[in-house]
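User: Please take me through this model by question and answer. Keep it brisk.

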Amino acid sequence: MGGGRKRGRTQRRHFKQGRENVWKHNPQRPPAGEGGEAREDNPSWQPFATENPAFEEYYKEQQIVSEEEWDSFMSMLRKPLPATFRINASCQFFQDICSQLENDFRKSLETEVTDDHEEDAIRPLPWYPGNLAWHLNFSRMQLRRNQALESFHEFLKRENEVGNITRQEAVSMVPPLFLNVQPDHHILDMCAAPGSKTFQLLEMIHQSTKPGLLPNALVVANDVDVQRCNLLIHQTKRMCTANLIVTNHEAQNFPGCNLAKFCSKMCMDEAKVQRLEFDRVLCDVPCSGDGTVRKAPDMWRKWNAGMGNGLHHLQVEIAMRGMSLLKVGGRMVYSTCSMNPVENEGVVAEILRRCGDSVELLDVSNELPELARRPGLSTWKVRDRGSWFGVHEDVPRYRKHVISASMFPSGKGSKDSGTGSSSVEVNTDVADADMKDSTDMGEGEQETTVTIDDSNNGDNLKTEEGTKVDCESGEVTTSSSYKKLNSTSIRTEHSDYPLHRCMRIVPHDQNSGAFFIAVLHKLSPLNENQVVDGVRIDQNISKDKTEKLEKDLVSHKASSEENTVHQQVIDNANVLDGEQNRDRDNKSSEDKSSEDSKVNVNEAAKPRQVERG
Ligand SMILES: C[S@@+](CC[C@H](N)C(=O)[O-])C[C@H]1O[C@@H](n2cnc3c(N)ncnc32)[C@H](O)[C@@H]1O
């Protein structure tokens with residue numbers, strides 16, 4: 001307990017220091033001595049600059065909302081985000097908490113309503129099942145400062161601390177709901193920290209289990225950042241569950257795990273080792289986070305188009321690893337708190353391209369009907385160093401290693417694609433982004449920390465030929481092959497995939513943050529080419545590469561046969577999926593045919609053309 005208190009204080013100190021840094025950069029900082037603390041109730045003064053012309057230009061061009069609603073969209077983005085929380089339906093005092101909210105607070109807080117559009121001080125979110133999620137007509141700041149709200153604030157803090165409620169941004173509660181979790185599921189949360197969605201998943205598996213009994217389900221919550229894993233553990237220990245494993249891996253290289261069901265002697269027999277496959281995968285990837293701007297207003301200052309471009313490949317690789325770890329018949333939800341199509345529809349389209357007929361994008365329009373959402377985009381553009389590109393072919397050759405074909409709607413690369421379309425690295429050339437989620441934070445937790453190295457995305461950028469390009473005007477001041485394309489006259493393309501099935505949540509539809517969600521269903525095992533090191537199936541793999549793949553597959557098989565490990569969960573880092581499955585009794589899988597997963601090495605090494613259209 002003492003340690004927890006200490007950590008809380010340290011986090012608060014870091015949070016304050018973070019604020020101070022924001023103040024330093026904020027030209028609208030109130031003059032000293034004018035009592036100038038951030039005051040949301042003073043309309044004439046904003047604690048942060050809530051403008052960024054590049055941001056506005058970008059999203060206007062991407063047409064994420066219509067021209068008519070642009071002003072409502074922008075003005076909602078500039079408003080502080082109302083606080084929301086979720087009740088833990090698996091907790092002992094669940095009924096008492098519900099009745100306290102309905103019968104006491106809902107009435108006693110009525111007089112505190114300040115928003116003309118809202119009648120209730122607190123109300124359940126209509127789309128969340130069982131009235132378990134609540135919306136407050138107060139921001140977190142108001143909650144802290146308003147005397148009349150003090151007892152309510154104390155209630156929230158107390159119940160949050162013991163795990164009876166969780167303070168979490170409304171839109172962040174959406175992805176787990178689309179997983180349709182059952183109490184016997186194996187669930188992988190690939191990028192889990194700080195753990196709000198993990199907690200939600202734990203609530204779901206415990207909710208339908210009788211008190212005192214443990215569900216058969218297992219949640220594996222992973223994050224690459226060890227400090228954030230600490231936050232994740234701190235968050236999830238409130239659940240007192242035995243059904244959680246926290247891991248610290250790169251999600252894109254998440255190891256294949258085998259379950260040894262019986263005692264160690266039996267494990268000697270390879271036939272008894274069972275591969276751990278997941279019925280559900282949550283792929284809530286690191287993203288530019290611009291959908292959280294209402295909660296993290298320093299995003300206005302930090303935002304640049306390169307942030308999304310720089311994360312696209314990592315997001316694809318994480319999602320592909322998730323897909324390969326998913327059982328046939330299972331669901332994976334891909335989500336971001338970004339509005340950027342390069343991080344959203346662009347990634348989903350690339351997953352569909354790589355997985356071919358093995359994966360479908362589900363139409364979930366009949367699930368959570370009260371949740372206001374918009375269809376995903378089928379057309380978008382890519383912005384790089386001040387220029388817009390609608391097709392990959394128009395990207396200058398020397399930028400093709402950064403701006404790859406997979407970022408575009410068709411995913412089709414030009415002949416001079418360079419390595420771009422098969423790159424699996426995070427493009428630190430574009431933005432060195434250390435993305436932190438800010439959708440879910442309780443009291444005393446840290447606020448968003450987004451560290452973007454935008455040195456390459458400043459106003460004036462140097463091209464590789466040493467030519468200066470003005471990012472916003474796009475003017476080239478000396479001769480260069482990097483020519484500005486007028487965004488209205490550029491060629492654009494349309495994706496053939498049913499990307500309208502993706503869901504976009506926009507802030508002005510239901511007074512929330514912005515979010516992106518896609519629900520994917522695995523229909524059959526992935527072809528090995530689809531998962532091996534991100535090798536693109538739509539490329540002609542050279543003979544050399546094919547031979548190398550064959551060799552790797554054979555040598556992997558040999559080594560995995562030599563190294564039979566005897567432990568309860570056997571961790572085979574970075575092994576190829578199908579290969580690992582081979583020759584094993586794979587009864588746990590819902591595979592429609594276990595024969596499907598027995599891939600012939602020579603067959604597997606051949607490129608398979610499954611791209612549509
Ligand atoms: C959007 S946040 C996740 C929020 C979390 N799902 C929740 O609801 O609380 C993204 C997380 O991805 C983690 N991350 C970044 N790169 C990663 C990688 N390569 N593998 C695994 N996790 C990664 C970050 O540390 C961060 O905690």
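This is a predicted model: local features need pLDDT of at least 70, side-chain atom pairs count only at pLDDT 80 or more; totals for chains, interfaces and linings use all residues.

Analyst: Residues are numbered from 1 along each chain as its sequence is written.

User: Which residues of helix α2 are buried?

Analyst: Helix α2 spans residues 53-62. Helices (H or I, at least four residues) and strands (E, at least two) are DSSP runs, numbered from the N terminus. Buried means 20 or more other C-beta atoms within 10 Å of the residue's own, exposed 12 or fewer, and partly exposed in between, with C-beta atoms placed from the backbone. By that count, the buried residues of α2 are F55, Y58 and Q62.

User: Why are they on the same side of α2?

Analyst: The arc is that of the directions from the helix axis to the C-beta atoms. They lie on the same side of α2 because they cover an arc of only 70°.

User: Is R385 buried or exposed?

Analyst: R385 sits in the loop between β14 and β15 (387-389). Its phi is positive, about 50°, although R385 is not a glycine. R385 has 23 C-beta neighbours inside 10 Å, so it counts as buried.

User: How does N180 count?

Analyst: N180 lies in the loop between α7 (174-177) and β5. N180 is not a glycine, yet has a positive phi of about 50°. With 15 C-beta neighbours inside 10 Å, N180 counts as partly exposed.

User: What is omega at the cis peptide bond?

Analyst: P194 is in the loop between β5 (186-189) and α8 (196-207). The cis bond joins A193 and P194, with omega about 5°.
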